[in-house]
Amino acid sequence: MIKRRFTRIQTELPGPKSAASLARKEKYVAAPLATYAPFIIKQSEGALLEDLDGNRFIDFSGGWGCLNVGQRNGRVTAALKDQIDRYLHTDFTAVPYEPLIELAQLLCERAPGPWQKKAAFFNSGAEAVENAVKIARAYTRRKAVLVFENAFHGRTLLTMTMTHKAKPYKCGFGPFASDVYRLPYPYPYRNNLRPEHIERSLLSLVDPSDVAAMVVEPVIGEGGFIVPPDWFLPTMRELADRYGFVLALDEVQSGMGRTGRFFACEHSGVSPDLICVAKSLASGLPLSGVVGKSEIMDAPVSSGIGGTYAGNPLACRAAIEVIKSIDEENLVERAIHVGDRIKARFDALKDRFEIIGDVRGLGAMVGMELVKDRVTKEPASEETSKIANESLQSGAIFPTAGLYGNVLRVLVSLVITDEQIDEGMDILQAAFEKVVG
Ligand SMILES: Cc1ncc(COP(=O)(O)O)c(C=O)c1O
């Protein structure tokens with residue numbers, strides 16, 4: 001029996017009010033915008049959600065990793081209310097405003113590296129990555145872009161090309177952008193990649209003196225929560241320095257305290273040339289950024305980068321408070337605690353259920369990979385989806401990830417309480433017992 005303090009399932013899912021709304025969604029919202037939860041949200045707080053029918057959930061998806069400081073963080077909502085009474089939009093390049101300048105300073109102060117830094121803002125993670133490539137091309141006057149297996153960088157033409165998983169992200173959407181070359185990514189559970197394999201692969205694909213940028217996730221997110229070995233980022237830094245290309249880290253999912261450092265790359269001691277941030281940057285408001293070496297950031301021609309809504313004042317106000325909350329609420333340390341607590345439960349599940357092949361993670365970026373057989377490591381995709389669904393129906397929302405969708409991952413708000421973690425883990429355990437017990 002699960003002792004419930006935070007979750008409450010009092011109707012079939014979807015309940016009648018959610019069902020009515022979802023029927024309208026079917027009729028009016030384009031079908032490819034497929035939804036995961038079988039209910040409609042009414043309100044939220046911290047890591048908890050309530051639907052239109054009064055059902056309550058613990059949300060381990062955190063809006064796909066956008067809610068590190070929690071839903072409706074008090075500092076964020078207060079700043080937004082204040083900003084609403086001042087001005088909503090000018091376009092920074094028409095009439096500049098202070099929140100964007102303050103946010104740029106805060107990010108530059110936090111990005112690693114002893115050099116002078118600057119920042120630029122955009123609307124989505126994909127836009128940040130795409131602009132990092134544009135900036136690197138302008139700086140190096142080279143064209144080629146290096147990316148990795150299992151990468152997810154977004155859905156624009158360039159970032160879709162840079163993304164690895166074909167279905168659903170690239171399916172039917174070609175032709176793709178040119179000059180993008182894919183290298184193998186170390187995946188300790190499934191391959192034994194060595195540094196020389198990556199360099200050999202690079203040299204066989206493209207002349208390194210044509211490479212503008214290497215774009216890399218310090219921990220693979222959507223591609224399956226893959227934590228590379230310690231040698232990986234230092235080796236990529238060394239390759240970038242040797243061949244004169246820009247090292248751009250995609251910290252859209254791993255940044256903003258998620259892994260137990262403000263930026264995940266800080267675990268490795270590597271200072272990249274550029275860092276892309278989004279998701280938890282503005283607590284779910286559409287905002288992304290590129291921060292990095294001033295001489296690189298300044299390379300495009302005047303007005304060469306930007307966008308009408310880029311760095312919207314409301315989103316910048318939210319982001320300033322997100323950064324202050326991360327500092328004042330010690331959320332970077334909290335990420336380590338949250339990750340350890342969840343990992344301990346995942347490890348205990350692994351001892352009980354053969355289907356769990358691997359438990360891994362960095363800070364609160366924790367996942368488990370499910371396999372049909374621990375020797376062949378055949379992905380257990382269907383079972384993963386059944387367990388996630390069973391858990392969701394019982395009140396705990398866990399997203400999946402990976403090329404085969406066989407990774408259960410945690411992107412929960414870092415403000416989740418220990419009691420909420422425990423209740424969510426009890427629900428997940430019951431789901432394992434029901435599906436594969
Ligand atoms: C690592 C990474 N990069 C880029 C993106 C794209 O971000 P957006 O969906 O905001 O365009 C994502 C989104 O999941 C991501 O995880």
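Biologist: How do the axes of helix H11 and helix H13 cross, and within what distance do they come?

Modeller: Helices (H or I, at least four residues) and strands (E, at least two) are DSSP runs, numbered from the N terminus. Axes are lines fitted to C-alpha atoms, for helices over the stretch in contact, and angles run from 0 to 180 degrees between N-to-C directions. Here H11 (residues 331-352) and H13 (residues 418-436) have axes that come within 11 Å and cross at roughly 20°. Angles under 35 degrees count as roughly parallel, over 145 as roughly antiparallel, 65 to 115 as roughly perpendicular and the rest as oblique. That makes H11 roughly parallel to H13.

Please keep in mind that this is a predicted model: local features need pLDDT of at least 70, side-chain atom pairs count only at pLDDT 80 or more, and totals for chains, interfaces and linings use all residues. Residues are numbered from 1 along each chain as its sequence is written.

Biologist: Which residues of H11 and H13 make the contact?

Modeller: Two residues are in contact if their C-beta atoms, placed from the backbone, lie within 7 Å. On H11 they are Val338, Arg341, Ile342, Arg345 and Leu349, and on H13 they are Asp418, Ile421, Met425, Gln429 and Phe432.

Biologist: At what angle do H3 and H10 pack?

Modeller: Helix H3 (residues 74-84) packs against H10 at about 150°, with the axes 8 Å apart. That makes H3 roughly antiparallel to H10. Among the residues in this contact are Ala79 and Leu80 of H3 and Ala318 and Val322 of H10.

Biologist: How is the chain divided into domains?

Modeller: Domain bounds come from an automatic or database domain assignment. Here we have domain 1 (16-59 + 330-436) and domain 2 (75-328). Their C-alpha centres lie 26 Å apart, and the contact takes 22 residues from domain 1 and 21 residues from domain 2.

Biologist: Where does the largest nonpolar core lie, and how many residues has it?

Modeller: A nonpolar core is a set of buried Ala, Val, Leu, Ile, Met, Phe, Trp, Tyr and Cys residues joined through C-beta atoms within 7 Å. A residue is buried if 20 or more other C-beta atoms lie within 10 Å of its own, exposed if 12 or fewer, and partly exposed in between. The largest core here has 133 residues, and Ala132 and Cys276 have the most contacts inside it. Helix H10 (residues 313-328) gives the most to this core, with nine residues. Both domain 1 and domain 2 give residues to this core, so it lies between them.
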